[in-house]
Amino acid sequence: CAASRQAACSAGCIPVPWLCDGEQQCPDGTDEQCGCECCSVPSVCGAKKVQCPGTHHCIPHWELCDRHQDCEDGWDEEGCPQQPCLPGQWQCRNRVCIMAEWKCNGIDDCGDSSDEDVCAPCPPGMVRCDEGKCILESLMCNDEDDCLDGTDEPSTCGELCVAAGHCPCGWGRGELQSCPASFCSARVDIRSGDLYWLASPPLSCPRTHVPCRDGTECVAQEYMCDGEKDCADGSDEDGCAQLCDTPGRSHSSYLCGLGTCLNASLVCNGQQDCGDGSDEGGNCSVPCQRSCARLCYPSPQGPRCWCDPGYQLAEDGLSCMDVDECAEWGKGACSQTCLNAPGSYSCGCLAGYLLEPDGRVCKLAGPEPKLLVAVQSELLSCGLRSGREEVLLTTDKDRVVFSLDYDLVDRKVFWMDLATESIRWQSFDLGKKGTLVKGVRSDCIAVDWRGRNLYWTDGAAGQVLATRLGAAWRGIPEYTVVMDGDLDHPHSLVLQPLAGLLYWSEVGSHPRLMEATMDGSRRHVLLAQGLGWPTALALDLPTWRIFWLDEKLSSIGSARLDGTGVKVLQLGWVQSPFAAAVCEGHLYWSERKAWSVQQVDKTSGKNRTVLLKRHGQPHGLQVPTRGSP
């Protein structure tokens, strides 16, 4: 290794600034053992830049190994990997590898925006950092380094202040304009350092969401008054207690003066059950003479009607009506099938599932369900209850296991190999492996285990193709074009083998979700509204719904398989989803930017958990519903 410029590790030589930088470059991790002398390497450039040896010239970390000589002697390009990315891939400034066709596609696939910086100027309302990345103006002077080089947090940020209730809006014009304080903030011009005031327009929420009181975020309507504070200011739970006495919402609740709800049977019983005693006194002694359909209870405000469990008070305040607990999906009554009855309901499970003791939740019978995940050149198995991880197969280091699917019949896993432009397979029972077809490129493959075919999408060609699962590579590609012509960049693909149907997403100029029979006939639009880039699809057959993750809108959506019952949750942490799967009560997906596999409650979008995080980008994932490897 070059003295003073490179450091040795088991895999070869790496640039000195890569030592103790928070990212493991050596396979054995010795570059991140920060008890070594590398941590005391002096630098006059600060933590965000590195010094070219023998000079006072400083460059950002991301200019190392960017294939451009930034130091006069070329030190920043010495010892760099000769082929850091696979054929057909493009290297980002942060050394992440992405598909070459993802460059300039309008999506920040790199995570540092380097694949989009060279394509167009920053859009209105955004400014460019010194390293080229575009950020929102509102991210300047927010005490966080949103630019890699920190140019969005200059020293002049500390000089800013906001007059209470007013702010001088505009670029230093000097006039005062009345603006809500929550929508006005002081900013610094990222190039000149000049101070200016930024007046943001009122927050615009989609129709399925409501704004929080402070105007900083939107939350789903389903999150209002659910007992959890989803707004940072807690405004989604303010005033919710009064709902306990609203006709059509409750059958036996009384609103205490402090805002809590009390069972109506405890009102006017001679004991103060409300903390403030508001459930006693007043008109408690007034006899019930109202024409209540079921029951009448006294209250400090006078007699009131109430209903038995399973019924709710009608709008007339006198009669009772049955509560249909099965009417709306996602309210938590049953996880699979629901049967309503007068004043009650019962839950059931489909074949292969068992009802939990709570009488609501269905769990898979048999062995623990496992999640198959492709991470770089490995295929992993993760137990969804135990969390146990296991490496099922490892390919050559220069190959990426991309999209994958599992054959329930022959217990084979199929995956897309981008390096060789082929779809490969391996058997878990016999240990055999082989190539199904060559000369293809796809973001998504799907196995029809019943019809014994494998399907894939070709976004560039606008096609859906298929080949037989039993085919063997004989030097000539053997596959059939199932659909062609008017497909607008088909991307994700999922199958319903027992019904002979396939579903796919299109991410072109008019994004939509589509359905067709497996021979490509009876094609129709499932959903064409409210979509941005639906890059990951998953079927949940027990609830007869299709789920999608939208990269552009940062949302999770679902709908019935006939296109009705659409539900969308806007969730800011959905950034770069690649593949998705549903099992029992959870939705799982791979996040390429965060290098992780995450899960959420499929109905509410809450309880997000990072299930798996490895040093490498995750791509395809699948949950075999039987015969797990």
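How many bridges join strand 43 and strand 44, and in which sense do the two strands pair? This is a predicted model. In it, strand 43 and strand 44 (residues 596-601) pair in the antiparallel sense over six bridges.

**Strand 43 and its partners**

Strand 43 spans residues 586-591. Five of its six residues are buried. Strand 43 also pairs with strand 42 (residues 577-583). That pairing is antiparallel as well, and it runs over five bridges. A581 stands opposite Y588 of strand 43. On the strand 44 side, W589 has Q598 as its bridge partner.

Both pairings are hairpins. Strands 42 and 43 have two residues between them, while strands 43 and 44 have four. Each turn holds a residue with a positive phi: E584 at about 55 degrees in the turn between strands 42 and 43, and W595 at about 55 degrees in the turn between strands 43 and 44.

**D236**

D236 sits in the loop between strand 12 (218-220) and strand 13 (253-255). D236 is buried but has no salt bridge. The nearest side chain of opposite charge belongs to K606, 6.0 Å away.

| Side chain | Backbone nitrogen | Distance |
|---|---|---|
| D236 | D230 | 2.9 Å |
| D236 | C231 | 3.1 Å |

Leaving aside neighbours within four places in sequence, D236 is in contact with several residues, including V219, Y223, M224 and K229.

**An annotated span**

An unreviewed UniProt entry lists residues 347-362 as "domain: EGF-like". The end C-alpha atoms of this span lie 9 Å apart. The span is 38% strand and 0% helix.

Conventions. Residues numbered from 1 in each chain as written. Predicted model: local features only at pLDDT ≥ 70, side-chain atom pairs only at ≥ 80, totals over all residues. Heavy atoms only, no water. UniProt positions renumbered as here; feature names shortened; annotations may be inferred. Buried < 20%, exposed > 50% of the residue type's maximum accessible area, 1.4 Å probe, protein only. Pairing = 2+ DSSP bridges. Lys, Arg positive; Asp, Glu negative; His and termini not counted. Salt bridge = Lys/Arg side-chain N within 4 Å of Asp/Glu carboxyl O. Polar contact = N/O pair within 3.5 Å; in protein donor to acceptor, adjacent residues only side chain to side chain. Contact = heavy atoms within 4.5 Å.
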